[in-house]
Amino acid sequence: MYLEHFGLNEPPFRITPHPEFFFVGAERGATLEALIYAVLAGEGLVKVLGEVGSGKTMLCRVLIERLPANVDSVYIANPVMKPDELMLMIADDLGIACDATHTSAKVRDLQAALLERFAAGRQVVILIDEAHAMPTESLEAVRLLSNLDHGHHKLLQIVLFAQTELDDRLAKQDLRQLRERVTHAFQLAPLKATDIEAYIEFRMRTAGYRGPELFQAEALKSIYRASEGLTRRINILADKALMAAFSHSEHFVSAKHVKAAVKDSAFKPIKKQAIWGWVLLSGVMTGGVWAGLSQAPHQPVVVMSPVASAPLQLASSPEVLAPDMQLSAALRQKLTESRQKMNRAEVHNTAVMLLVANRERGEELEKFLAQASQYLPKDQLLIYPAEVQGKKGWGLVYGFFPDKSTAKSAMVALPEYFRKNKPILRTVGGMRDELWNL
């Protein structure tokens, strides 16, 4: 109804997933790339969690489109079915003839067909939406399917898209085996207040709008408050606000139009989660890990390869820093926090080293830390006294991951700004070995 009034080619805020309306800002685009990597790595189950209306189905649809041509995908929208029904659906979608009598026979037939595809250089991925609603016995069937392999290669990659209730179910004893097979886990965050304008502008432009900014600042704030950052709610409110503006023959959207949309929608507050953000691999990385992929600064930072020295103890307090160390109060506090985290970490935990700065270049370190904090969660950025090629300096590392494989996945998914400088992996034990006394 309002398309001609606002110069639109199509509705900009449909709630059904349309991949061309996939918003790559607010970490979505970078996270999609990380999810593609997790799927193609094929080492275990992948889990994507999010609140109702946070954009899980859209992400799933775009993922299917972006997978390479040699990947056969099966999308299951309604997984509320028995194990045999689930396996028959997968087989039917892949064009595989299965024995319909026994579960074990179905698994055997599936494995034989998957082996043929593997030999032909093809990969199969199963994407299950609303996985939190699956019966327990069907989730157990998912575990059985995830076991299918050929030597060191999985024959089937499975991605579970679910509401956060899935974690409550996986925490139960009867699903512990399935829980242990989840090697990559992502949590989809609501949009932040600062993302709303870019999101709405993107949807409008994609739908053909060519005029000046349509949504006023107060209207955007009202949409954020009422939607709590959930994209489905944002779409509903923006659509109704456009309708309200159209009904008043106005060519802008104000707070009063959004107020009418909010009143008409009557959303209930969502349950607040303790942690929001994209979480990769066992929940180790939190917050805006993937942010800034396309907006990274252009100044390169040289990363030096550290050489371990004899074990030394990290000083217990930053107050012992010598005057020539030139560290600000903020860096001294960061050093204290980093020391505490390093002391609590296990020796096999692994970090991604982003930078080694000269001992006297505290200002350089602080500048890089401030830049890095725009794209990675600040509490996951740690500094420590590092000795490099016999010279004392400052090491800046990202995260303490449970093992090298996990850390490598995180390193591969870093924004280009960091990856182009060839970061390296360091174990906590190795970093402790090269500490020099402050």
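Q: Which residues of α11 are buried?
A: The buried residues of α11 are Thr 231, Arg 233, Ile 234, Asn 235, Leu 237, Ala 238, Ala 241, Leu 242, Ala 244 and Ala 245. Buried means under 20% relative accessible area, exposed means over 50%, and partly exposed is in between, with a 1.4 Å probe and protein chains only. Helices (H or I, at least four residues) and strands (E, at least two) are DSSP runs, numbered from the N terminus.

Q: What kind of model is this, and how are residues numbered?
A: This is a predicted model, in which local features need pLDDT of at least 70 and side-chain atom pairs count only at pLDDT 80 or more, while totals for chains, interfaces and linings use all residues. Residues are numbered from 1 along each chain as its sequence is written, and side-chain values use heavy atoms, with hydrogens and water left out.

Q: How many helices and strands are there in the protein chain?
A: The protein chain has 17 helices and 11 strands. Of its 438 residues, 52% count as buried.

Q: And what share of its contacts comes from residues 24 or more positions apart?
A: Such pairs account for 76% of the contacts with a separation of 6 or more. A contact means heavy atoms within 4.5 Å.

Q: Back to α11. What do its buried residues pack against?
A: They pack against α1 (3–6), α2 (28–41), α9 (196–206), α10 (217–227) and α12 (255–265).

Q: What span should helix α11 have?
A: Helix α11 covers residues 231–247, and its 17 residues should span 24 Å at 1.5 Å a residue. The expected span is 1.5 Å times one less than the number of residues. The end C-alpha atoms of α11 are 24 Å apart, which agrees.

Q: At what angle do α10 and α11 pack?
A: The angle is about 135°, and the axes of α10 and α11 are 9 Å apart. Axes are lines fitted to C-alpha atoms, for helices over the stretch in contact, and angles run from 0 to 180 degrees between N-to-C directions. The two helices α10 and α11 are therefore oblique to each other. Angles under 35 degrees count as roughly parallel, over 145 as roughly antiparallel, 65 to 115 as roughly perpendicular and the rest as oblique.

Q: Which residues make that contact?
A: Ile 223, Ala 226 and Ser 227 of α10 meet Arg 233, Ile 234, Leu 237 and Ala 238 of α11. By class, the residues of this contact of α10 with α11 are 5 nonpolar, 1 polar and 1 charged. Ala, Val, Leu, Ile, Met, Phe, Trp, Tyr, Cys and Pro count as nonpolar, Asp, Glu, Lys and Arg as charged, and the others, Gly among them, as polar.

Q: What about α9 and α10, at what angle do they pack?
A: They pack at about 105°, with axes 10 Å apart. That makes α9 roughly perpendicular to α10. Ile 196, Glu 197 and Ile 200 in α9 meet Leu 220, Ile 223 and Tyr 224 in α10. The residues of this contact comprise 5 nonpolar, no polar and 1 charged.

Q: How do α13 and α14 pack?
A: Helix α13 (residues 329–344) and helix α14 (residues 362–372) pack at an angle of about 70°, and their axes are 10 Å apart. This makes α13 roughly perpendicular to α14. The contact involves Ala 330, Leu 331 and Lys 334 of α13, together with Gly 362, Leu 365, Glu 366 and Leu 369 of α14. Here the division is 4 nonpolar, 1 polar and 2 charged.

Q: Changing topic: where is Ser 249?
A: Ser 249 sits in the loop between α11 and α12. Its phi is positive, about 55°, although Ser 249 is not a glycine. With a relative accessible area of 56%, Ser 249 is exposed.

Q: And Ala 266, is it buried or exposed?
A: Ala 266 counts as exposed, at 58% relative accessibility. Ala 266 lies in the loop between α12 and α13 and has a positive phi of about 50° although it is not a glycine.

Q: Which residues does Leu 35 touch?
A: Not counting residues up to four places away in sequence, Leu 35 touches Val 46, Val 48, Leu 59, Leu 63, Phe 161 and Phe 186. Leu 35 belongs to helix α2 and counts as buried, at 1% relative accessibility. The C-alpha atoms of Leu 35 and Leu 59 are separated by 9.5 Å, and these residues are 24 apart along the chain.

Q: Last one: where is Ser 138 found?
A: Ser 138 is in helix α6 (residues 136–146). At 0% relative accessibility, Ser 138 counts as buried. Leaving aside neighbours within four places in sequence, Ser 138 is in contact with Met 81, Lys 82, Pro 83 and Leu 86.
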